[in-house]
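Student: Can we go through this one together? I'd like to start with the aromatic residues and then look at a helix.

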Amino acid sequence: MRFHVAQQRGLSNAHSPFRVVDQTGREVGWVNRYLDQQRVRGVADTTLRSYAHDLLHFVRWWTAAHETPGIAKETLSEDTFLDYIRFQVDQDPPPAAQSVNRRAGTAERALRREFPDAARLSAPAFQNWYWRQSRLGYGRSRPALTQLRVKTPKRVIVSLSVDEVARFWSSFRTSRDLAIVGLMLLHGLRSCEVRALNRDDVQFSESQIRVPGKGQKTRILPLDRDTANLLDHYLCLERPPHCGQALFVSLKGTCRGNRMTPAGLRSLFRHHRQTTGVTKANPHRFRHTFASDMIRAGISLPALMQLMGHAQIQTTMVYLQLTPQDVRDQYVRAVAQLIRPTPPSQL
């Protein structure tokens with residue numbers, strides 16, 4: 001039996017538009033009930049789609065391992081998720097550790113919602129108990145069980161060098177394209193946030209921009225003067241008239257005047273990567289470069305968290321790591337300030 005994710009139109013706001021169904025169109029009940037619950041919670045459609053594909057992967061594994069798509073409370077055991085993780089790790093090539101953990105976590109939450117009285121969905125031989133204190137640091141510590149997850153490698157943030165940014169920047173010819181890169185490099189916007197901007201989001205009189213972020217969270221950011229000049233030039237001279245609310249639109253072709261699509265933005269960056277030879281210049285790399293530059297300039301973590309639109313400060317803290325060049329620069333400055341005399345050479 002085959003399963004896939006179907007996107008359905010015309011459903012009520014209390015139902016997820018993404019449904020996991022079999023080859024006959026019959027829905028997988030426990031999966032779609034979990035997706036509907038997340039929809040009611042206000043989860044974004046992109047997150048719902050991710051949840052649907054994660055649960056689709058679990059359903060396919062379960063059907064192949066148990067020869068039935070149905071799941072009952074009695075069929076769940078302590079080895080359920082351990083076997084699922086083993087299945088993923090045994091694939092060739094194996095998925096990334098983050099993907100393994102994300103799939104297992106989504107399936108675990110969905111099954112706990114469907115079967116709250118089922119046996120503990122854990123593997124005691126692979127998990128340990130520990131004492132957990134409240135997040136505010138007060139109160140009595142409580143016992144908690146470590147999650148059943150695989151070890152994830154340390155994330156290394158690689159930003160673009162000054163020369164790479166200059167080479168990539170010099171290849172653009174329109175104010176629209178320069179403004180797009182400027183919003184990523186000087187303001188840390190995600191590519192989806194850039195495309196979602198409307199004309200009214202740019203407030204020139206206040207020198208600020210309203211950004212519709214992930215999870216339907218809007219944040220107000222200061223607008224750099226250079227970026228403001230590029231946006232003003234684009235709006236006055238390049239943007240076609242009568243093209244709706246979208247800020248960034250296509251400038252030529254049959255789609256002229258329509259909002260820029262994800263494929264159009266990827267094609268734009270792909271062309272300039274090939275032209276300049278800066279192979280690492282993708283939209284999210286410019287966002288990383290912005291965060292790294294802000295850290296080097298001495299900005300506080302709460303301020304950077306607000307600028308980046310992160311929900312948790314732990315996400316922002318990944319930018320605290322130092323590159324080898326940062327370590328070298330600080331070492332050179334420290335050696336230059338040494339007061340201790342250097343022993344004379346014996347040669």
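**Aromatic residues and a helix**

Tutor: This is a predicted model. In it, Trp61 is buried, and Tyr84 is buried as well.

Student: How are the planes of Trp61 and Tyr84 set in their aromatic pair?

Tutor: The pair is tilted, with 45° between the planes and 5.1 Å centre to centre. Trp61 sits in helix α2 (residues 45–66) and Tyr84 in helix α3 (residues 80–89), so the pair ties together parts that are 23 residues apart in sequence.

Student: How many aromatic pairs does the structure hold?

Tutor: There are 13. Trp61 and Tyr84 also belong to one aromatic cluster, together with Trp30, Phe58, Trp62 and Phe81.

Student: Ok, new topic. How many residues of α6 are buried?

Tutor: 11 of the 11, so α6 is largely enclosed by the rest of the structure. Charged residues are on that list too, including Arg176 and Asp177.

Student: What do they pack against?

Tutor: The buried residues of α6 pack against α5 (162–169), α7 (191–196), β6 (208–212), α8 (225–238), α9 (262–276) and α10.

Student: Take α10, then. At what angle do the axes of α6 and α10 cross?

Tutor: Roughly 45°, and the axes come within 7 Å. That makes α6 oblique to α10.

Student: Which residues make the contact?

Tutor: From α6 they are Val181, Met184 and Leu185; from α10 they are Pro283, Phe286, Arg287, Thr289 and Phe290.

Student: And what classes are they?

Tutor: The contact has 6 nonpolar residues, 1 polar and 1 charged.

How values were computed. Residues are numbered from 1 along each chain as its sequence is written. This is a predicted model: local features need pLDDT of at least 70, side-chain atom pairs count only at pLDDT 80 or more; totals for chains, interfaces and linings use all residues. Side-chain values use heavy atoms; hydrogens and water are left out. Axes are lines fitted to C-alpha atoms, for helices over the stretch in contact, and angles run from 0 to 180 degrees between N-to-C directions. Helices (H or I, at least four residues) and strands (E, at least two) are DSSP runs, numbered from the N terminus. Angles under 35 degrees count as roughly parallel, over 145 as roughly antiparallel, 65 to 115 as roughly perpendicular and the rest as oblique. Contact means heavy atoms within 4.5 Å. Rings of Phe, Tyr and Trp (its six-membered ring) pair if their centres lie within 6.5 Å; planes under 30 degrees apart count as stacked, over 60 as edge-to-face and the rest as tilted. Buried means under 20% relative accessible area, exposed over 50%, partly exposed in between (1.4 Å probe, protein chains only).
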